Structure formats: C-alpha cells, structure tokens
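Me: Got a model open here and want to talk through its charges. Can you keep it short?

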Amino acid sequence: MGKVYIIGTGPGSKDYLLPLAKKIIKKADVVIGAPRLLSFSPKGKQTILLKGNYSQVLDYIKKSKNNKNIAVLVSGSPGVFSFSRRITSVLKPSEYEVIPGISALELACARIGEAWDDLCIISLHAKNLQGLIKKITANEKVMIFCDNKNTPSYVANYLVKKEESKLKVIAFGNLSMQSEEIIESDLSSLANTKKRWEGLWLLLIKKK
Ligand SMILES: C[S@@+](CC[C@H](N)C(=O)[O-])C[C@H]1O[C@@H](n2cnc3c(N)ncnc32)[C@H](O)[C@@H]1O
C-alpha cells in the first residue's frame, strides 16, 4: 500500500523543517519537489524534479499512489498558494496526508511581532495588479506574495501612481536563509529603489 504525503518544508532553512516531515521524507520511496526543496531529500533517494511539469507529475502521482510512498515537498505551508490544492483535488482523502509547515508569511509576521490572523493575503504570481487597490482599501494589512515581475518596487511604483502614498511597506526577502533581508520603507522610497530583487519576496502593506 502506498500513500501521498504533501509536506510543507517551511520558508527555506532546514531549522524550520518539522521532525515529522524529516521522518516521512526518509521513509519515502520517491521524493518530488522544486530544485531547492530536493536538498531536503537524503542522498541516493529517487527524486522527481517539479519545475513547470505539474500535469505530468500529477499523472505520475495518480499512477503510482497505490504502490509507492510519495513525498511531495512544497515550500512553506501546503495550505498557502501551493501545489497541494491540485493534488488533493484529484485524490481521495484516504490516499493522502498533508504535513503542515511554517509559511513564509508566518515567519515574516514573527520577525516583526505582527499578528497574521487579520491579514489579507494575495499572490501576484503571474498576475496583473488589477484589484490590488480594492484589497488595500478594504483591509488594514495586506501581505503580497511577489514574483520576479511583481517585485516589491514594481508594486510600490504602481501604488504611488495611484496616489496611495499614506501606506507603510515592509519587504521580506529570502526569510530564514543567509541572504535574508527586511526592508521597512515608505511607498515612494520603495518605488524608487534601484535594488535587484533576487530570490523570494513578500511585501506587507499597512495603513499608517
Ligand atoms: C508558490 S508560493 C508558496 C508559498 C508557500 N506555500 C508558503 O506558505 O510560504 C512562493 C512564494 O512564497 C514567497 N516565499 C516563499 N519562501 C519565502 C521566503 N523564504 N522568504 C520570502 N518569501 C518567500 C515568495 O513570494 C514566493 O514567490
């Protein structure tokens, strides 16, 4: 009998990987994940690289779920903008187990002592910025999951043009990793920075 384990690996550092997650990864027959997450897999284990090939990997999971223990690694928490949603939508509850992890958003809030039970969370992955103003108007705090195009300064630039200048912004980069950075600023300074936004970024927008 096999099972599919969807494992949240935390924000990046091994220190945030749960002992239970480590145990399951060690016992798995196959480990699936993005390149940086496969470093959590012990050497010599069968691995499958997850890189844009979501449909093929989903087919593999469906085909192999009954005779293999499959560990699917996702970053942060499986419950926050992850591949988990697609897997659980095609499997029966008895065929999978979700192991929670610490979301990048949770660590970001922890770094500044901010609660996150009242956060509006949005992902701008491959999305345009339409609708962002509406979210900001309706909420005190908005946490944005940025991507390579929608960087913190790209978003700030958009908001400055819409005259949303009375906002405080905090950008969180590469949390828990050696290159971690936290930049507290105002919209126009962030919009005008010439910084290269390498790696993974979150942007918290707060009403002052
Ligand atoms: C596909 S989403 C996955 C989110 C993940 N499930 C979580 O709970 O953190 C990937 C995005 O999460 C954010 N992210 C993930 N890890 C991060 C980190 N260590 N530091 C800052 N942002 C991070 C970035 O916005 C990145 O583009």
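Me: How many salt bridges does the count come to?
Reply: The count comes to 9 salt bridges. A salt bridge here is a side-chain nitrogen of Lys or Arg within 4 Å of a carboxyl oxygen of Asp or Glu.

Me: What sort of model is this?
Reply: This is a predicted model; local features need pLDDT of at least 70, side-chain atom pairs count only at pLDDT 80 or more, and totals for chains, interfaces and linings use all residues. Residues are numbered from 1 along each chain as its sequence is written, and side-chain values use heavy atoms, with hydrogens and water left out.

Me: OK, which side chain does E114 meet in a salt bridge?
Reply: K141, at 2.9 Å from N to O. E114 sits in the loop between helix 4 (104-111) and strand 6 (120-123), and K141 is in strand 7 (residues 141-145), so the pair ties together parts 27 residues apart in sequence. Helices (H or I, at least four residues) and strands (E, at least two) are DSSP runs, numbered from the N terminus.

Me: Is E114 buried or exposed?
Reply: E114 counts as buried, at 17% relative accessibility. K141 is buried too, at 7%. Buried means under 20% relative accessible area, exposed over 50%, partly exposed in between (1.4 Å probe, protein chains only).

Me: What about D118, which residue does it form a salt bridge with?
Reply: K141, with the closest N and O atoms 2.9 Å apart. D118 lies in the loop between helix 4 and strand 6 and K141 in strand 7, so this pair links parts 23 residues apart in sequence. D118 is partly exposed, at 44% relative accessible area.

Me: Which residues are linked in that network?
Reply: E114, D118, K141 and K206 are linked in a network of salt bridges.

Me: Whole chain now. How many positive and negative side chains?
Reply: 33 positive and 18 negative, with the centres of the two sets 7 Å apart. Lys and Arg count as positive, Asp and Glu as negative; His and the chain ends are not counted. Each charge is placed at NZ of Lys, CZ of Arg, CG of Asp or CD of Glu.

Me: And how many helices and strands?
Reply: 7 helices and 10 strands. Of the 208 residues, 46% count as buried.
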